[in-house]
Amino acid sequence: IADPVIFGIYHPFLNNIGQMVATVLENRIHALLLTDSNAKLQHLVTQLEHLVAERTREISEALGKLEESERRLQVFIENAPVAIAMFDKGMHYMAASQRWLENYGLLGRPIIGLSHYEVSPDVPDLWREYHCRGLSGEPQEAMEDRFERSDGRIQWVRWSIKPWHDQNGQVGGIVLFTEDMTELRKTQESLLMASMIYSNTGEAMLVVNQKNEIVAVNPAFTTITGYGESEVLGRNPSVLSSGKQDKAFYQRMWEQLNATGTWRGEVVNRRKSGELYAEELMINTIFKKDGSVHRRVALFMDITEKRKREDLIWRQANFDMLTGLPNRHHLAEVAGREMMNAQRSQESLALLFVDLDRFKDVNDTLGHGAGDELLVEVTRRLKQCLRETDVVARLGGDEFVVILTQIRNTSAIDRLAESMLQSLSRPYTLNADKEQVYVTASMGIAVYPHDSSHYEELMSFADQAMYAAKDLGRNRFHYFTPALQAATQERLHLISDLNGALAAGQLQVYFQPIVELPTGRTRKAEALLRWNHPKRGMVSPDVFIPLAEESGLITSIGEWVFQQSLHWAARWNTQTAGGFQVSVNKSPIQLHERDNAEDRWPEALRLHGLEGHNLTVEITEGVLARFDAQTVHKLSKFRSAGIEVSLDDFGTGYSSLAYLKKFPIDYLKIDQSFVRGILTNDSDMALCEAMVVMAHKLGLKVIAEGIETPDHLYTMKRMGCDYGQGFLFARPMPAEAMDDWLKSQSS
């Protein structure tokens, strides 16, 4: 198409044929004129007719061939797979293919004979220059060119310009080929991107053929597995197998692959080094047209670290980090499973609530590090006592739960519980100083399904039984009974009633005189809280004070007692000409809370016209076992303000006498259990004498509680005891009665 001149050759061809016929005729006529023979003339005419007919046939055949050639050329141009257009020297359209018309939006427009630049005015100047070069006989081409159309659309084009020549060898115009490369370029970019992803992605890729032989892997495959491409090509992917998945696993995988062409899941495989790793695997199949397998492509990523993190999170959510035991959350799941097993096997299950006795004393005296050591050792001992089917969990602090499975009678529970108690009561050697500590445990037991078939109820019942064990003296176990449930309900009702007791005016402050034994004068009184319940009557302080501490009500109630005590202390201080002192009990709970009483109370004394010596803060011996810097600081601030400190119930709790030197204490109160026994029990007599002597040696004054007879009074005075308190002098009484009592004493 570039060189032969197809269009515009008809007239020259016809002219040549006509010229040839004319020459023949002229020669024949000239010959005729030279002869006179009619026969010859007739013969000549006949030859001429044959010649004209032959030449006419030749012309007709030539014209037919030319028309066929033109038709074929037109069909070729119109149906060419690329855009083709033919132009004359003035860049007028002579022909254009269908693809050309489609590409340049010219379908349906009569463009033959029109100027290319009129039809497409947005042709860039650079392309016009290329056209000029082509018209000058210089072929032009570009493999890829960027063309911005008038509508703003970017088009990438591959093009070439070929000059065509007429019969005289002169350039008659150009043939312009263009091919839209926009989609191809996009495809190439996509392929390039895919290749980059294939080479640089963190996901490993593995391709196998229909025989399940590896035909390709990417760099990430080598990074994850340790195998280079040359080491695995032609091999079966089973080279990575770890043996962690059984035959049934792979059978299910292949069944799904053959059925759907895809599979997705998690697999544990083995690296070249032998190390196991977890991978998330996805397999897709590429099929041939006949439906047979062409390739299978496996994509996988190493999720080993992800699984480790998830496992750590799961363990942190379900297990105690110190002991490694199931925690409260996980215990519920485990207990539910064990209860279902017990139901299926028609067996019983025992749930034991285990609480260490006086564990807080270890933390407070030896530190939390020693406490953690103790908990780890407790865990080890519990596991040693249990069977493989049993479960032990830690709820938090010093609370453990044990589930005994496959129980057929209570004797098995008794045996295991006693074994655990004995093991836990053995001495513990803690910290680098090899400190020996003695700790026991109290256990509450609830049985499934006898006591309940619900986990939460079993836990509650075992908890109640554990408190019953503590009330009975600790270091023992106790089974849940309906009576315990009734007691618990009673306790909850009391806590509920106590919440509104202060606002309802049911609480009242009583006072009990404290007598100076050498002189017999009443210079002190202890403030005692009483609760007059509208339905139950007077509730014992031994019952409701622990409930107030447990529920947190002790702080607000204690502050109210303090304010009431100041009111009456100011009145009695005036009546006794100064120096009267009121003792106010302060709970260990209050001392450990940030109520700042050590800062507020001295100011409150001044507002009532009192001084520090008019108030004594009375603490229990249990505070000594909870020795900490905060408590010492608070008591020291009381002392700095002139407020004295009294230690109540001395001799009944767990403490060291050495603590008496560490705490700022002014008074030591001998518990009434010792005082009442001095007349009949030599040991009580000796203990009381020793406590008086020891206290005086330490610069402390002594108050004897429980003086109920003259003999008690005489004996304690003889020992040198400083103060006495008891029914011999007076019972606790309302403030108004105390007011009258003091008046009677002074008259």
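This is a predicted model: local features need pLDDT of at least 70, side-chain atom pairs count only at pLDDT 80 or more; totals for chains, interfaces and linings use all residues.
1. Strands (DSSP runs of E, at least two residues) and helices (DSSP runs of H or I, at least four residues) are numbered from the N terminus. Two strands are said to pair if DSSP finds at least two bridges between them.

2. Basis of the values. Residue numbers start from 1 along each chain as its sequence is written, and side-chain values use heavy atoms, with hydrogens and water left out. Local features need pLDDT of at least 70 and side-chain atom pairs count only at pLDDT 80 or more, whereas totals for chains, interfaces and linings use all residues.

3. Val354 stands opposite Phe400 in β13.

4. Ser348. This residue is found in β11, which spans residues 348-356. Is Ser348 buried, exposed or partly exposed? Its relative accessibility is 23%, and therefore Ser348 counts as partly exposed; buried means under 20% relative accessible area, exposed means over 50%, and partly exposed lies in between (1.4 Å probe, protein chains only). Leaving aside residues up to four places away in sequence, Ser348 touches Leu404, Thr405, Gln406, Ile407, Val447, Tyr448 and Pro449. A contact requires heavy atoms within 4.5 Å. Ser348 and Arg408 are 60 residues apart in sequence, yet their C-alpha atoms are 6.1 Å apart in space.

5. The antiparallel sheet. Another open sheet of 5 strands has the order β7-β6-β10-β9-β8, with antiparallel pairing. Its edge strands are β7 (214-217) and β8 (262-270), each of which pairs on one side only. Neighbouring strands of this sheet are turned by 25° against each other on average, direction ignored. Strand β6 (residues 204-208) runs antiparallel to strand β10 (residues 293-302), and 5 bridges join them. Val208 has Arg296 in β10 as its bridge partner.

6. Helix α9 (residues 247-260) lies across β8, β9 (276-287) and β10, and runs at about 150° to β8. Helix α10 (residues 304-318) also packs on the sheet, touching β8, β9 and β10. The direction of α10 makes about 125° with that of β9.

7. A hairpin. Strand β4 (residues 154-165) and strand β5 (residues 171-180) pair in the antiparallel sense over 9 bridges. They form a hairpin with 5 residues between them, and Gly169 in the turn has a positive phi of about 80°. Trp164 stands opposite Gly173 in β5.

8. Helices α12 and α13. Helix α12 (residues 359-366) packs against helix α13 (residues 368-385) at an angle of about 140°, with the axes 6 Å apart. The two are therefore oblique to each other; angles under 35 degrees count as roughly parallel, over 145 as roughly antiparallel, 65 to 115 as roughly perpendicular and the rest as oblique. On the α12 side Phe359, Val362, Asn363 and Leu366 meet His368, Ala370, Gly371, Leu374 and Leu375 of α13. The residues of this contact divide into 6 nonpolar, 3 polar and no charged. Ala, Val, Leu, Ile, Met, Phe, Trp, Tyr, Cys and Pro count as nonpolar, Asp, Glu, Lys and Arg as charged, and the others, Gly among them, as polar.

9. Helices α18 and α20. Helix α18 (residues 554-575) and helix α20 (residues 597-607) pack at an angle of about 25°, their axes being 10 Å apart. This makes α18 roughly parallel to α20. Glu559, Phe562 and Leu566 in α18 meet Arg600, Trp601, Ala604 and Leu605 in α20. The contact residues of this pair divide into 5 nonpolar, no polar and 2 charged.

10. The chain as a whole. The secondary structure comes to 27 helices and 27 strands. Of the 747 residues in the chain, 43% are buried. Among contacts in the chain with a separation of 6 or more, 58% are between residues 24 or more positions apart.

Methods: Axes are lines fitted to C-alpha atoms, for helices over the stretch in contact, and angles run from 0 to 180 degrees between N-to-C directions.
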